[in-house]
Amino acid sequence: MHFGLIGFPLKNTFSKQYFENKFEALKIEAATYSNFPLESIDLFEDLLRQNQDLNGLNVTIPYKEKIIPYLTEIDAVAKEIGAVNCIKIKNKAQEKELIGYNTDAFGFEYSLVNWIPKNIQKNALVFGMGGAAKAVIYTLTKLGFSIQLVGRTADASTGKISYDELTEAHFKTATLLVNCSPVGMSPNDQALLPIPYQYITPAHFCYDLIYLPAQTLFLKSSAAQGACIKNGLEMLEKQADKAFEIWQNID
Ligand code: NAP
């Protein structure tokens, strides 16, 4: 069994070590995991030709959306989200079948519902509107949350407001805050998400998709206001576990 990760650049990635530890723990000696840094998605088909033994791939920045035209099938959740971070490869006699999934949404949901109280008021602020936010928005909507999108620029077509439009009222309405932007991610640890921290209270739950550093300045500043905080490590582990489950399913 051969698995791998495509993205670019692939520096300090989590997946290879995580899967190698998993293969060792499960005593799956025949499994290997490779990093495939692709400078362009146009190189994807060459990669498949050169690695005929591949059974599955993880997909990371910047290809979660660009990979979609290369797939033979996309599962319903990934289709609705519009992003794929896991591919199952079926090596048929004549051709390969490439089926795309989104396991970020599963990882986020798993880590969120085990953390927030069941009776939390279902309003959330989501910061940053990129690929990861799409999986977060899908999950929060599925769980019944109303979402206020916040980013660097307002966008009337999606209802996104800019950071400087945030008022105390937004923080009174929403108790769940989710950072889906890369602000504060290592090596830019000193970058602070530009929100009015004085309105964050012990009633708030602040989730950062970033896992390196373990506590971004967004999380540290929110904790200083008494909020409950959580980083993206559990989401990362659960999306990887789900990908492995998908690869192992024989159908
Ligand atoms: P992305 O597409 O590069 O950026 C997401 C959004 O963040 C952008 O669309 C932008 O939204 C905002 N943004 C980007 N640069 C910014 C800056 N300098 N200042 C303020 N806002 C900025 O990234 P992504 O793929 O969605 O990932 C976002 C973060 O989630 C990354 O840190 C990634 O490592 C993390 N992540 C974690 C997991 C996990 O399993 N824990 C999974 C996926 C991603 P606006 O234009 O709306 O401001």
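P213 is located in the loop between β11 and α7 (217-224), with helices (H or I, at least four residues) and strands (E, at least two) taken as DSSP runs numbered from the N terminus. The peptide bond joining L212 to P213 is cis, with omega about 0°. The model is a predicted one, in which local features need pLDDT of at least 70 and side-chain atom pairs count only at pLDDT 80 or more, whereas totals for chains, interfaces and linings use all residues. Residues are numbered from 1 along each chain as its sequence is written, and side-chain values use heavy atoms, with hydrogens and water left out.

**Backbone geometry**

- A cis peptide bond also runs from S186 to P187, with omega near 10°.
- P187 belongs to the loop between β10 (176-179) and β11 (205-208).
- K27, a residue other than glycine, has a positive phi, near 55°.
- The loop that holds K27 lies between α1 (15-25) and β2 (32-37).

**Domains and their interface**

- The protein chain is divided into domain 1 (2-102) and domain 2 (105-235), with bounds that come from an automatic or database domain assignment.
- Seven residues from domain 1 and seven residues from domain 2 take part in the contact, where contact means heavy atoms within 4.5 Å.
- Taken over C-alpha atoms, the centres of domain 1 and domain 2 are 28 Å apart.
- The area buried between domain 1 and domain 2 is about 660 Å², and carbon and sulfur atoms give 62% of it; buried area is the accessible area (1.4 Å probe) that two parts lose on being put together, summed over both.
- Two residue pairs are in polar contact across the interface of domain 1 and domain 2, both at pLDDT 80 or more. A polar contact is a pair of N or O atoms within 3.5 Å; within protein, one must be able to donate a hydrogen and the other to accept it, and residues adjacent in sequence count only if both atoms are side-chain atoms.

**Salt bridges**

- One salt bridge is counted between domain 1 and domain 2, the term denoting a side-chain nitrogen of Lys or Arg within 4 Å of a carboxyl oxygen of Asp or Glu.
- E65 and K134 form a salt bridge through their side chains, at 2.6 Å from N to O.
- The structure as a whole holds 10 salt bridges.
- Among them, the side chains of K22 and D241 meet at 2.9 Å, N to O.
- K22 lies in helix α1 and D241 in helix α8 (residues 233-248), so this pair ties together parts that are 219 residues apart in sequence.

- Five bridges pair strand β1 (residues 2-7) with strand β3 (residues 54-59) in the parallel sense.
- Opposite G4 stands L57 in β3.

**Sheet with parallel pairing**

- Another open sheet of six strands has the order β9-β8-β7-β10-β11-β12 and parallel pairing.
- Its edge strands, β9 (161-162) and β12 (228-230), each pair on one side only.
- Strand β8 (residues 146-151) runs parallel to β9 and is joined to β9 by two bridges.
- V150 has I161 as its bridge partner in β9.

Note on methods:
Two strands pair if DSSP finds at least two bridges between them.
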